[in-house]
Amino acid sequence: MHLTLLKSKLHQARVTHAELEYEGSCAIDAALLEAAGIREYEQIQIYNLANGERFITYAIRAQEGSGIISVNGAAAHKAAPGDRVIICTYAILDTAEAAGFKPTLIYLDADNRISRTGHDIPVQVA
């Protein structure tokens, strides 16, 4: 059996650009890609907290240290500068790999700087 698990996420990133005429789908600050373990051209899912849009695209590298999160091409219709988004990657693991797997969680501030990191999401309580 294989399971699809959360591999990594950039939590509450702020969209800095929405470029309809730019080649590539989502440019992400290279330092954030590295911190989250997201590879250039890797498939990503983006969840827009501002409007509820959920869409799939791929990551491209933006200038390191720039804080850029640029939603490009057709995806630019789904996010606007200032929108808060969650950017996720997933991995397909067999049950043995999945048993000890923990995702890489990167939490960002309003300037797309890392505020904290983790590997566990707290249990939701009533």
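# Cysteines, buried alanines and charges over rings

Modeller: This structure holds zero disulfides. The model is a predicted one.

Colleague: What about Cys88, and where is its nearest cysteine sulfur?

Modeller: Cys88 is in no disulfide either. Its nearest cysteine sulfur is that of Cys26, at 12 Å.

Colleague: Why is Cys26 called buried?

Modeller: Buried means under 20% relative accessible area. Cys26 has 0% relative accessibility, so it counts as buried.

Colleague: What makes Cys88 count as buried?

Modeller: The cut-off is again under 20%. Cys88 has 4% relative accessibility, so it counts as buried.

Colleague: On to the alanines. Why does Ala30 count as buried?

Modeller: Its relative accessibility is 8%. The cut-off is under 20%, so Ala30 counts as buried.

Colleague: Where is Ala30 placed, and in which helix?

Modeller: Ala30 is in helix H1, which covers residues 30-36.

Colleague: Which residues does Ala30 touch, leaving out those up to four places away in sequence?

Modeller: Ala30 touches Arg61, Ala62, Gln63 and Glu64. A contact here is a pair of heavy atoms within 4.5 Å.

Colleague: Why is Ala98 called buried?

Modeller: Ala98 has a relative accessible area of 13%. That is under 20%, so Ala98 is buried.

Colleague: Which helix holds Ala98, and what does Ala98 touch beyond four places in sequence?

Modeller: Ala98 lies in helix H2, residues 95-99. Ala98 touches Leu3, Leu5 and Leu93.

Colleague: How far is Ala98 from Leu32?

Modeller: From C-alpha to C-alpha, Ala98 and Leu32 are 24 Å apart in space. In sequence they are 66 residues apart.

Colleague: Now the rings. How do you know that Arg54 lies over the face of Tyr47?

Modeller: The CZ of Arg must be within 6 Å of the ring centre and within 35 degrees of the ring normal. Arg54 is at 4.0 Å from the ring centre of Tyr47, and it lies over the face.

Colleague: Which ring does the charged end of Arg116 sit over?

Modeller: The ring of Tyr107, at 3.8 Å from its centre.

Methods:
Residues numbered from 1 in each chain as written. Predicted model: local features only at pLDDT ≥ 70, side-chain atom pairs only at ≥ 80, totals over all residues. Heavy atoms only, no water. Helix = DSSP H or I, 4+ residues; strand = E, 2+ residues; numbered from the N terminus. Buried < 20%, exposed > 50% of the residue type's maximum accessible area, 1.4 Å probe, protein only. Disulfide = S-S within 2.5 Å.
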